[in-house]
Amino acid sequence: MPVAIITGASKGLGRAFAEALAARGWDLVVDARDAEVLQGTATALEAYGARVTALPGDVTDAGHRAALVAGARLLGGVDLLVSNASALGAEPLVRLAELPLDGLRRALEVNVVAALGLVREALPSLRAAPAGAVLTVSSDAAAEAYETWGGYGASKAALDQLAAVLGAEEPGLRVWAVDPGDMATDLYAAAVPDDDDPRPDPVSVVPALLRLLDERPASGRYGAPALLEER
Ligand SMILES: NC(=O)c1ccc[n+]([C@@H]2O[C@H](COP(=O)([O-])OP(=O)(O)OC[C@H]3O[C@@H](n4cnc5c(N)ncnc54)[C@H](OP(=O)(O)O)[C@@H]3O)[C@@H](O)[C@H]2O)c1
């Protein structure tokens, strides 16, 4: 069975994608900082028949990243690495004039440095996999100048560039950066608590991610709405 590592898989998009992969027969290594919520998700994933290794921890911890990859190797290897866990840098978001520099550092550590650390840890296994792939979760804030989204958006832009260069450097892999679009999740609520407009359920984005796995398009940056529409 193919094996995926998905960071930040206890809830939101990460959990929705993990459930879809479990339903397709994938085995999973998942993490999040809250061990109790993560265990609840792991139990739900196991109900699909998946072998699940759930490791509570913070992606900024190098030892934790090594444990994620070691856990995947025990399941058979790393076929897919999904960098989904994310930090906003300030909750709620604030304008750059008020953004604490430590908040920006945290966003960069979680969204960029940890993502590269995990890629580096997993690369030998990804290269050995029959169809190795890396999927980084981006945001339209990486490309658009939305007020208050500057720190987070800068970190996602950096993550996009890492993914783009990794795709060029590793032609044997697929490296996809995906902008999922707005979703009704705890992250969005923390970012903009006063925004009551309805947002799509993260489950609605999952078919876009599955399409990448099914069709294996060239490495690059993709938007979920386009992946969902152009069938
Ligand atoms: N929601 C949106 O509108 C939206 C739009 C564009 C892009 N995105 C992106 O979509 C991805 C998923 O976000 P979401 O909206 O689904 O958020 P979410 O529901 O809040 O889920 C975030 C997940 O990441 C985990 N996490 C956060 N920080 C972590 C860390 N340092 N180490 C390990 N796990 C960590 C969380 O669990 P713990 O808190 O227990 O660690 C949780 O499992 C993110 O990359 C986000 O930037 C979201």
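This is a predicted model: local features need pLDDT of at least 70, side-chain atom pairs count only at pLDDT 80 or more; totals for chains, interfaces and linings use all residues.

Residues are numbered from 1 along each chain as its sequence is written, and side-chain values use heavy atoms, with hydrogens and water left out.

Start with the fold. The protein chain has eight helices and seven strands; these are DSSP runs numbered from the N terminus, with helices being H or I of at least four residues and strands E of at least two. The radius of gyration of the protein chain is 16 Å, close to the 17 Å that the globule rule gives for 231 residues, so the chain is as compact as a globular protein of that length. That radius is taken over C-alpha atoms, and the rule is 2.2 Å times the number of residues to the power 0.38. Along its principal axes, the C-alpha trace spans about 50 × 40 × 40 Å.

How much of the chain is buried? Of its 231 residues, 48% count as buried, meaning under 20% relative accessible area with a 1.4 Å probe, protein chains only.

Now zoom in on Ser 10, in the loop between strand E1 (3-6) and helix H1 (12-23). Ser 10 counts as buried at 8% relative accessibility. Leaving aside neighbours within four places in sequence, its contacts (heavy atoms within 4.5 Å) include Arg 15, Asp 31 and Thr 41.

Next stop, Trp 149, which sits in the loop between strand E5 (133-137) and helix H5 (150-169). Trp 149 is buried too, with a relative accessible area of 14%. Not counting residues up to four places away in sequence, Trp 149 touches Leu 88, Leu 93 and Tyr 188, among others. Leu 88 is 61 residues from Trp 149 in sequence, yet their C-alpha atoms are 8.4 Å apart.

Finally, the rings. The structure holds two aromatic pairs. The ring centres of Trp 149 and Tyr 152 are 5.5 Å apart and their planes are at 65°, so this pair is edge-to-face. Rings of Phe, Tyr and Trp (its six-membered ring) pair if their centres lie within 6.5 Å, and planes over 60 degrees apart count as edge-to-face. Tyr 152 is buried, with a relative accessible area of 7%. Ring pairs link Trp 149, Tyr 152 and Tyr 188 into a cluster.

Notes. Rings of Phe, Tyr and Trp (its six-membered ring) pair if their centres lie within 6.5 Å; planes under 30 degrees apart count as stacked, over 60 as edge-to-face and the rest as tilted. Buried means under 20% relative accessible area, exposed over 50%, partly exposed in between (1.4 Å probe, protein chains only).
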